[in-house]
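Open your viewer and keep the selection tool at hand. We will go from stop to stop, and at each one you pick something and look around.

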Amino acid sequence: MLAARELRNIISVLINYSVNEGCVPSTWKHAVITPVPKVKPVTKIADLRPISVPVFLRITERLVTRKHLLPVIPNENLRDQFAYKLSGSTTSALVSLTDTVGRLLEVNKYVRCIMIDFSKAFDTVNHEILLSKLEKFPIPANILKWIISLSTDRPQSTKVNTVVCVHLSLL
C-alpha cells in the first residue's frame, strides 16, 4: 500500500494504453498457477485448488466489462446473474436462491432446482462464434480488438514450491 500513490499513474497509463490499442500485453496473459491445498493432508490431486491471479489483467477485464459490455447487454439477460455486478457474489446468489425457494415452498410441496456454474465455460466456448456475436453489439473497435487479444495466446505455467513447469499456449 505504501507505493500505491506512486504507482497509480503508471498503472493507469499501462491499462489505458492496453485498452486504447486493443492489445493485452503477453505478460498479463501468462498465468502462473499455484496449487493450493483445499484440505490437509493432501492425498489426491482433487485436494488442490489451482490459483492464478494475473492482477493487471483482472483489473482491466473488470473495467472493460463494466464500462463497455454491461451497458450494452439488456437488463433482462442479467437479472439472475451474479458475476461482474456491484452486488454480485456467491453470497448474493445464495440469498437470492434461498428467497426464491422459500417463496415457492409457501405454495408448493417441494421445489426442484437446477443450478449451473458457467465459470469454466469460457474455457470450452468457440471463440470465433463468441466474437461474431460480440461484433453485433455497439462496442468500440478497440474494445473488440482487446477482447480478441485477451482470448488468444494464453500460456500457463504451474509452480510447485520453486519448480515451474511451462505449458503450451491455451485458447
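Start by selecting Asp47. In this predicted model, is Asp47 buried or exposed? Its relative accessibility is 8%, so Asp47 counts as buried. The cut-off for buried is under 20%. Asp47 sits in the loop between E1 and E2. Now show its contacts. Leaving out residues up to four places away in sequence, Asp47 touches Val36, Pro37, Lys38, Val39, Pro41 and Val42.

The side chains of Asp47 and Lys44 form a salt bridge, at 3.6 Å from N to O. Side chains of opposite charge can pair when their charged atoms come close.

How many salt bridges does a search of the whole structure find? The search finds 2. For another one, select Asp99 and Arg103. Their side chains meet at 3.1 Å, N to O. Both residues belong to helix H4, residues 90–105. They are 4 residues apart, so about one helical turn separates them. Check their surroundings as well. Asp99 is partly exposed, with a relative accessible area of 41%. Arg103 is partly exposed too, at 47% relative accessibility.

**Next stop: the strands**

Select strand E1, residues 31–37, and strand E3, residues 156–160. The two pair in the parallel sense, over 3 bridges. Look for Ile33: the residue opposite it in E3 is Thr158. Now bring in strand E4, residues 163–166. E3 and E4 pair in the antiparallel sense, over 4 bridges. Here Ser157 has Val166 in E4 as its bridge partner. Zoom in on the turn of this hairpin. There are 2 residues between the strands, and Asn161 takes a positive phi near 60 degrees. While you are here, turn the view to see both faces. In a regular strand the side chains alternate between the two faces of the sheet.

**Next stop: an aromatic pair**

A search of the whole structure finds 1 aromatic pair. Select Trp28 and Phe56. Their ring centres are 5.5 Å apart and their planes stand at 40 degrees, so the pair is tilted. The pair links distant parts of the chain: Trp28 is in helix H2, Phe56 is in helix H3, and 28 residues separate them. Phe56 counts as partly exposed, at 30% relative accessibility.

**Next stop: the surface**

Phe56 belongs to a nonpolar patch of about 800 Å². Where does the largest share come from? H3 gives 4 residues. Helix H1 (4–21) and H3 (55–69) each supply at least two. Val53 lies in the loop between strand E2 (48–51) and H3.

**Next stop: a covered helix**

Hide the surface and select helix H6, residues 141–150. Its buried residues are Ile143, Leu144, Trp146, Ile147, Ser149 and Leu150. Now show what covers them. The cover includes H1, helix H2 (26–29), H3 and helix H5 (127–134).

**Last stop: a distance to draw**

Select Pro25, in the loop between H1 and H2. Pro25 is partly exposed, with a relative accessible area of 28%.

Notes. Residues are numbered from 1 along each chain as its sequence is written. This is a predicted model: local features need pLDDT of at least 70, side-chain atom pairs count only at pLDDT 80 or more; totals for chains, interfaces and linings use all residues. Side-chain values use heavy atoms; hydrogens and water are left out. Patches are made of residues with over 30% relative accessible area and no salt bridge: like charges are joined within 9 Å, nonpolar side chains (Val, Leu, Ile, Met, Phe, Trp, Tyr) within 5 Å. Accessible areas come from the Shrake-Rupley method with a 1.4 Å probe; for residues, only the protein chains shown count as cover. A salt bridge is a side-chain nitrogen of Lys or Arg within 4 Å of a carboxyl oxygen of Asp or Glu. Buried means under 20% relative accessible area, exposed over 50%, partly exposed in between (1.4 Å probe, protein chains only). Contact means heavy atoms within 4.5 Å. Two strands pair if DSSP finds at least two bridges between them. Rings of Phe, Tyr and Trp (its six-membered ring) pair if their centres lie within 6.5 Å; planes under 30 degrees apart count as stacked, over 60 as edge-to-face and the rest as tilted.
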